[in-house]
Amino acid sequence: MSLPYEAPKYFVMLTVLFLPIIIGLLNGKRFLIYQNLVTLGLLYVTFGGSNWKQGISIIVYVIWQVLLVYLYHRYRMQKNETNVFVGAVILAIAPLAIVKIFPFVTGHTSIIGFLGISYLTFKAVQMVMEIRDGIIKEYNPLMFLQFLLFFPTISSGPIDRYRRFEKDFVTPPDKEKYATLLGKGIMMIFLGCLYKFIIAHYIGQFAVPFTEQMALHTKGFSMSLLLYMYSYSFYLFFDFAGYSLFAVGTSYLLGIETPINFNKPFISQNLKDFWNRWHMSLSFWFRDYVFMRMVFMLMKKKVFKSRVTVSNVGYLTLFLLMGVWHGLTWYYIAYGLFHGVAMCINEAWLRFKKKHKKQLPSNFATKGLAIFITFNVVCFSFLIFSGIFDKMIH
């Protein structure tokens with residue numbers, strides 16, 4: 001199996017395969033048959049060969065989701081019972097839940113798992129929810145299939161929205177707009193190479209293992225642990241941001257404006273600002289499809305009298321769920337709870353700041369301090385996420 005964007009030779013292959021697509025789009029045409037053949041070929045490269053079981057899993061999974069969304073859409077055109085909606089969401093999430101829970105219960109990897117199952121599940125659940133809301137009124141199984149299997153983002157996002165994707169896919173950009181997208185896409189891919197193949201590579205190969213060994217040797221909180229925290233945090237950013245640049249840049253080459261995933265997250269002035277800049281497509285997905293719906297439900301049913309309590313419960317649940325999504329290990333769950341609690345504190349500070357706006361100074365120094373505090377809080381959360389405390393215990 002050849003993982004997307006993992007080696008320079010993958011980009012050589014993309015360059016050769018993409019030339020007819022680029023020529024077509026420069027003339028305002030999308031060569032759909034050829035593009036679909038390229039998609040199938042790249043999916044085979046990713047899921048074929050020795051990992052053919054993943055290929056079987058993704059075929060069965062896609063059939064499951066396409067049929068599920070089709071059946072729910074047909075039902076929704078006639079009725080709108082909450083129980084059926086909840087059932088459809090549970091069925092959409094079920095394959096991912098099995099993949100996440102199975103190793104925790106049995107100690108073995110689930111045979112139905114495959115690379116990118118989380119991101120395909122986010123897309124499927126999104127479809128069910130927007131059909132329920134009446135936002136998506138027409139369902140085209142072939143378009144949904146294009147959306148699910150859009151290979152530039154299949155393994156790790158960014159998570160696009162169906163209506164936005166459909167608009168770009170159905171209406172190719174004009175020559176002038178595509179020329180701009182093409183230039184931006186190429187620049188993103190080169191920047192991604194700098195991030196992933198140079199900066200992240202050297203940090204991951206040298207700084208992270210060296211500081212980790214020092215930290216494990218000294219144990220407890222030490223300068224070595226601090227150095228590991230910073231090196232791991234920068235590695236995480238440059239590796240994932242590099243991948244995201246590849247995915248978005250490649251999408252641009254296909255005339256699809258997939259949303260960006262990172263926007264200078266380490267200059268955030270508070271934690272809410274950070275989550276509006278870090279893995280943006282994921283945080284916005286959780287915000288729109290989990291947090292906002294939960295808050296609305298709690299307020300509608302008047303479970304809590306205080307809006308602040310509702311918001312805090314929402315944040316704690318949201319980030320706990322995000323932690324569990326990463327894996328059923330104590331440090332992923334602790335990572336989620338840490339961010340949930342930190343967001344509650346952050347919101348309390350923002351309310352206090354708004355209330356005492358005239359009394360509190362706001363200048364270059366206070367903004368710099370806010371960035372410094374936020375950066376270190378985030379890096380400490382990544383330290384928890386890294387699992388080094390688990391290694392120290394054992």
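Student: The axes of helix 3 (residues 52-76) and helix 5 (residues 117-132) come within 9 Å and cross at roughly 5°. Is helix 3 roughly parallel or roughly antiparallel to helix 5, and what makes it so?

Tutor: Helix 3 is roughly parallel to helix 5, because angles under 35 degrees count as roughly parallel, over 145 as roughly antiparallel, 65 to 115 as roughly perpendicular and the rest as oblique. The axes are lines fitted to C-alpha atoms, for helices over the stretch in contact, and the angles run from 0 to 180 degrees between N-to-C directions. The helices themselves are DSSP runs of H or I, at least four residues long, numbered from the N terminus. Residues are numbered from 1 along each chain as its sequence is written, and side-chain values use heavy atoms, with hydrogens and water left out. This is a predicted model, in which local features need pLDDT of at least 70 and side-chain atom pairs count only at pLDDT 80 or more, while totals for chains, interfaces and linings use all residues.

Student: How do you know what helix 1 (residues 8-26) should span?

Tutor: The expected span is 1.5 Å times one less than the number of residues, so the 19 residues of helix 1 should span 27 Å, and the end C-alpha atoms are 25 Å apart, which agrees. Helix 9 can be treated likewise: its 31 residues should span 45 Å, and its end C-alpha atoms are 45 Å apart, which agrees.

Student: Where does helix 1 have a kink?

Tutor: The kink, of about 45°, lies at Phe18, shortly before the proline Pro20; the bend at a residue is the angle between axes fitted to the seven residues ending there and the seven starting there. After helix 1 comes Gly28, with a positive phi near 75°.

Student: Why does Val310 count as buried?

Tutor: A residue is buried under 20% relative accessible area, exposed over 50%, and partly exposed in between (1.4 Å probe, protein chains only). Val310 has 1% relative accessibility, so it counts as buried. Val310 belongs to helix 12 (residues 307-326), and, leaving aside neighbours within four places in sequence, Val310 is in contact with Val295, Leu298, Met299 and Phe304.

Student: Why do Tyr5 and His279 count as buried?

Tutor: Tyr5, at 1% relative accessibility, counts as buried, and His279, at 5%, counts as buried too. Tyr5 is in the segment before helix 1 and has a positive phi of about 65° although it is not a glycine. His279 lies in the loop between helix 10 (271-275) and helix 11 (280-300), and its phi is near 40°, a positive value in a residue other than glycine.

Student: How many disulfides does the structure hold?

Tutor: The structure holds zero disulfides, a disulfide being a pair of cysteine sulfur atoms within 2.5 Å. Of the cysteines, Cys344 is buried at a relative accessible area of 13%, and Cys379 is buried at 0%.

Methods
Helices (H or I, at least four residues) and strands (E, at least two) are DSSP runs, numbered from the N terminus. Contact means heavy atoms within 4.5 Å.
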